[in-house]
Amino acid sequence: MITDTTFSRPYGSQSMFAPLRRVLVRRPDAAFAGADPATWHYAAAPDLAAACREHDALVAILRQAGADVCYHEEPLPHHSDAIYVYDPAIVTDEGAVVLSMGKELRRGEEEPLARRLASLGVPILARLTGAARAEGGDLLWLDHDTLAVGLGFRTNAEGLRQIRDALSPLGVAVVPVELPYHTGPHACLHLLSLISIVDKRLAVVYPPLLSVPFYRLLQERGFWLIEVPPAEFDTMATNVLALAPRHCLVLEGNPVTRGRLEAAGCRVWTYHGDEISHKAEGGPTCLTRPILRAA
């Protein structure tokens, strides 16, 4: 367990796998439990008491790993997906970029989350404006200075352009990644639905839905790819939260992927997520917004 969480500043997260020191979460509330499954594309309506128990257990795991857990508690009565705090913003070493949600029902989550980040000492570096759309689930740090941006139903070309403009002064290169149609515009298919990076040049992937250029880019960069079987793609085995290099948090019920991670030298923890994950299409990455990752 990591116990020293004193650092020179409270933010900075241009990595998918550096030790998670500070993280933002949002506990399930009445808006989440009251979601109409057809409207929100949930498998079923969540049970609030069970969802809160699952979320509290998840938070306990994050704290056990050494993270300082902060809560986003501003009321958002019409935003069932707001527990998925990864999506409305991205945190860089110079502050947060406030995004603009591609899922229309989620628009309006951005500024409340930005206010919470600001209250935690994270400056706002930039905001997407106009027709730009981008969600955090489409943003993947390949390394400290390279951000892959998925282009699909949630993130568009103008969103990519504005992110590139915001990050260029930081020396960050932005790489576009085309996403597949798969099950259509109403489902949640982000870039992070297809890949999670858990250490330098080690990634969990679902190759059947990766574009060939992106697959080749990963190979060129020397990534060792741990492949998720089709049955476990449906249970979000590709959505892996790195708590530290090769220290992974995955959703229960993915034994093949867990075994492959362990064979690659990873320490794997699991959490129970029938309500907060399976019903609403959001894994451990979606449920957390890293604020600080630092060695």
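The legends below describe close-up views of a predicted model.

**View 1. An open sheet of 3 strands.** The strands follow the order β3-β4-β5, and their pairing is mixed. β3 (89–92) and β5 (124–127) stand at the edges. Each has a single partner strand, so one side of each lacks a neighbour in the sheet. On average, neighbouring strands are turned by 20° against each other, direction ignored. β3 pairs with β4 (residues 95–98) in the antiparallel sense, over 4 bridges. V91 has its bridge partner in β4, namely A96.

**View 2. Helices α4 and α5 on the sheet.** Helix α4 (residues 110–119) lies across β3, β4 and β5. Helix α4 runs at about 175° to β4. Helix α5 (residues 157–167) also lies across β3, β4 and β5. For helix α5, the angle to β5 is about 150°.

**View 3. Strands β1 and β15.** Strand β1 (residues 20–25) and β15 run antiparallel, joined by 4 bridges. L20 stands opposite R293 of β15. In strand β15 (residues 289–293), 5 of the 5 residues are buried, so the strand is largely enclosed by the rest of the structure.

**View 4. The largest nonpolar core, around L140.** This core has 56 residues. L140 and F214 have the most contacts inside it. Beyond its neighbours within four places in sequence, L140 is in contact with M16, T146, L147, A148, L191, L192, I195, I197 and F214. A second, separate core has 28 residues, among them V23, F32, A65 and I83.

**View 5. The aromatic cluster of F32, W40 and Y42.** These three residues form one aromatic cluster. The structure has 4 aromatic pairs in total. F32 lies in helix α1 (residues 30–33), and Y42 in the loop between α2 (37–40) and α3 (48–64). The pair therefore ties together parts that are 10 residues apart in sequence. W40 and Y42 form another tilted pair, at 6.5 Å centre to centre and 45° between the planes. F32 is buried, with a relative accessible area of 0%. Y42 is buried at 7% relative accessibility. W40 is buried too, with a relative accessible area of 7%.

View 6. The structure holds 0 disulfides. For C266, the closest cysteine sulfur belongs to C248. C266 is buried, at a relative accessible area of 7%. For C286, the closest cysteine sulfur is in C188, 6.1 Å away, again too far for a bond. C286 is likewise buried, with a relative accessible area of 13%.

**View 7. S211 in its loop.** S211 is found in the loop between β10 (202–205) and α6 (212–220). S211 counts as buried at 19% relative accessibility, because the cut-off is under 20%. Leaving out residues up to four places away in sequence, S211 touches V177 and E178.

Technical notes. Residues numbered from 1 in each chain as written. Predicted model: local features only at pLDDT ≥ 70, side-chain atom pairs only at ≥ 80, totals over all residues. Heavy atoms only, no water. Pairing = 2+ DSSP bridges. Helix = DSSP H or I, 4+ residues; strand = E, 2+ residues; numbered from the N terminus. Axes fitted to C-alpha atoms, helices over the stretch in contact; angles between N-to-C directions. Contact = heavy atoms within 4.5 Å. Core = buried A, V, L, I, M, F, W, Y, C linked by side-chain atoms within 4.5 Å. Buried < 20%, exposed > 50% of the residue type's maximum accessible area, 1.4 Å probe, protein only. Disulfide = S-S within 2.5 Å. Phe/Tyr/Trp six-rings, centres within 6.5 Å; stacked < 30°, edge-to-face > 60°.
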